[in-house]
Every structure is written in C-alpha cells, then in structure tokens.
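Student: I am new to this structure, and I would like to learn how to read some of its features. Could you take me through them in turn?

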Amino acid sequence: MQGDTYRNWLGALDPSAPLSLYFHVPFCAEMCAFCGCHTKIVRRYEPVARYLETLQAEVDLVAGALPARFGAAFIHWGGGSPTMLRGEDWRRIHDHLHKRFDFVPDDEIAVELDPRTATEPYIRELAAAGVNRVSLGAQDFHPEVQAAIQRIQPFEQTARVVDWLRGNGIEAINIDLMYGLPFQNEARVLESIAQTVSLAPSRVALFGYAHVPWMKSHQKLIDEAALPGPMARFRQAEAAARALEQAGYRRIGLDHFALPSDSLTIALDRGHLRRNFQGYTVDAAQTLIGFGASAIGALPQGYVQNDPGLRTYAAAIAEGSFAVKRGLQLSADDRLRRDVIERLMCEMTVDLATVGARHGVTPGVFNEDLESLAPLVADGMISISEDRLTMTEAGRPFVRVAAAAFDRYLAANRARHAIAV
C-alpha cells in the first residue's frame, strides 16, 4: 500500500465521528522469554526520546491529513513497554495531542504499565497526564514459573503498584495472566488467580502462552519439556475461568473477565461489546489510527500497518511521508465476514440472517462455512438452529476455531500457528 492511499483514506473520514488512537512503544528494558510483542531491548533513554519526537511528528502528519479537527474518545498505549517513557514525557506528549485533537468527555486513556519499573512518582505523572486505565502484566506469581520465563515480579511488587494507582485516582485496573507457561500446573495457576482476585482489579485477561520460537527466536530460551501439553493447558484455562467466575467476575468472550460494574460487562449485556486487535473493548469508534513502528490502524476503508523497522519508520516520518508498510482495502464480503466473526467472538452466538440483512445478503452465502463446522456440531461444541450459530459452554474455548471457518484469508494462507487453546 502507498502512503497516498492512506492519506486519501484519512481525508475522507467523517469529522463528526470520534477517533480511537493507538500508540506503540517498541522498547523494553529486558526481554521476557515468553514475549510475542514487537519490541527491542534498550539500555539508554536516548533512543526512546528520539522515538517520542518521531511519534509527535507522526501525530502532526496524520492531523494534517484529516479533513477537520477530530475528537479522540479512546487512547491506548501499548508495546513493548510504554513505561520506557519518562514521567515528564507523558504530559508532554498528551499536551501535544491536545493541540491536534479534542479529548471527548469521559474519554479513556489507557497505558500498559510494567510493575517492575513503576514508582509512585511515575504513577503521579501518569495520573496528571489524564491516564485513567492501567493494564499490569503479571502472567504468573510462582517463583519457578517466573524464573523460567525470565520475568521476576513478586506478588508484593504488583500489589504495591495497585495501591499506588488507586492512591492516585486510577481505579480502572486490568491484570494480565497467562496459562500454558513452563512449570505451570492447575494448582499454581489457581494460586495466581487467588492472589490476583485479592487485588480486586476491574478486569482480568487470561491468555494462553503461544510458543512460536520459529517467529520469536528468544522463546528458544524456554525449555519445551517444561511446557504443559494441550490437555493440561485446557484444564488450566478452565480451572482459572471457574475460579474467576466464582470470585464474581463475568466471563467476557474468549479470554477476558470483568466485574459486574465494569464497562466491558455492561457493554456485553447491552450487545455493544467490540473486539479489535488489542482484544475486547467498549470502543465504538469506527476508526482506529495507529502511531509508531508496526502500529496497526483500522479505518472504514480498510487496515493499515506501519513499517516495523525503527529506522525505516523514522526515516519515512522525517521525510514527511506516512510509514505505511502494508494495507488491505476491505471488500463487501470482508465487512460481512468481519461482522460475523466479531459477533461470534464477543457474544458466543451470531444470527446469520440478522448480520446478513445488514449487509444485503441472505444466510445462504454461509452454507459452505457451516458445512465445515459439522465436526464441532457433532462434538457438541456448537449448536445451529435455523440461522443462529451458538457456541455451547463446552465449546467456548474453541470459538477461535469456529470463527476461523468464516475467515477466507486464513483458509487461503495457512501457516504454522500456535495451538488454539
């Protein structure tokens, strides 16, 4: 995709519709062996400072291509580790954003925070910059598991950061956990769940570790013999889910859990839950603009991704050009299938007639896809009644497999992948 196409897409956006902004910070102080993120290890602040200048220049470039001044309803900082930025950087970058965008009332500004490097003064800077939701990576609190994934983070350290966040007015707290890690078993997973619940986060994300050393070479540091097998992974995931539900969390889609008062739960009950490349969200914006190396954007016209190379990304922005590396313009069939997949992933059920009517097609266009699901139906994972497809409770962990039946790109481009559960 050419940068001119992206510029045209931006110029055609509706100014009355708020945007969602995503910022990718591809730096970490050290590499965790389980990591699947696009990141680079840096020991000095200078590369981070230069990158921040480039981000600000990209903000100016995008804002200049928009047809008017837009509102921003959701802002998310991911990585890598966004907390490689210094405390004073947060107000500087958000002051810069305020020059280019209007922050709408009740906006959400979320940051992924590494508890191992956080300090209370740093959290005060986040709060002062308007951050009102924080995601904390924990993965597992057992010392042997932490040693195996090269991420030493005692529970007490995470608990202290949670106290600091609440003490500075940041009440919306997410904690990310994983199953399928080396040396994990059900007992250890449940112990981590109990410790997490004691912190009363608003949301818990429970991800399965994806062992893909052919894609992420640092994962070769993990002893494959210490990884639980498929059935053990499944049992860990289901035991953790039951424990979270017993603790009062609602199961949201495939891998999220939220308190009844959290906006994710409310969105699920109202039929407004969404899913994007970041996971489950209440973000209703039709346009997500990605900033930074490798960042992904989703516009009404299609998807774009920035160049993942730090040098080539920075060089393009310095020249006043968009750093788009690739993109995909959506067809009518793409939009139809995206709608089906999103509803199935969010609600565990989808009425194909209702979705089809929104796109001007009949449910018959899905006959071939439904036929491919026959094995899951036979195994009691899915029920199909007239035009409605529903995951059974036993089938919930396999919703990705069901959704894949409607993904023509996946069928046409099969490659090596991590196991589905």
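Predicted model: local features only at pLDDT ≥ 70, side-chain atom pairs only at ≥ 80, totals over all residues.

Student: At what angle do helix H2 and helix H10 pack, and how far apart are their axes?

Tutor: Two packed helices are described by the angle between their axes and the distance between the axes. Here helix H2 (residues 46–65) and helix H10 (residues 310–318) pack at an angle of about 45°, with 9 Å between their axes, and the two are therefore oblique to each other. H2 passes H10 in a left-handed crossing. On the H2 side the contact involves Tyr51, Thr54, Leu55, Ala57, Glu58 and Leu61, while H10 contributes Leu310, Tyr313, Ala314 and Ile317. Sorted by class, this contact has eight nonpolar residues, one polar and one charged.

Student: How many disulfides does the count come to?

Tutor: A disulfide is a covalent bond between the sulfur atoms of two cysteines. In this model the count comes to zero. The closest cysteine sulfur to that of Cys37 is in Cys35, at 3.9 Å, which is too far for a bond, because the cut-off is 2.5 Å. Cys37 counts as partly exposed, at 33% relative accessibility, whereas Cys346 is buried, at 2%.

Student: Is Gln329 buried or exposed?

Tutor: Gln329, which lies in strand E16 (residues 324–329), counts as exposed, with 57% relative accessibility. Leaving aside neighbours within four places in sequence, Gln329 is in contact with Trp9, Gln301, Gly302 and Asp334. Gln301 is 28 residues from Gln329 along the chain, yet their C-alpha atoms are separated by 5.9 Å.

Conventions:
Residues numbered from 1 in each chain as written. Heavy atoms only, no water. Axes fitted to C-alpha atoms, helices over the stretch in contact; angles between N-to-C directions. Helix = DSSP H or I, 4+ residues; strand = E, 2+ residues; numbered from the N terminus. Parallel < 35°, antiparallel > 145°, perpendicular 65-115°, else oblique. Left-handed = near helix turned anticlockwise from the far one by under 90°. Contact = heavy atoms within 4.5 Å. Nonpolar A, V, L, I, M, F, W, Y, C, P; charged D, E, K, R; others polar. Buried < 20%, exposed > 50% of the residue type's maximum accessible area, 1.4 Å probe, protein only.
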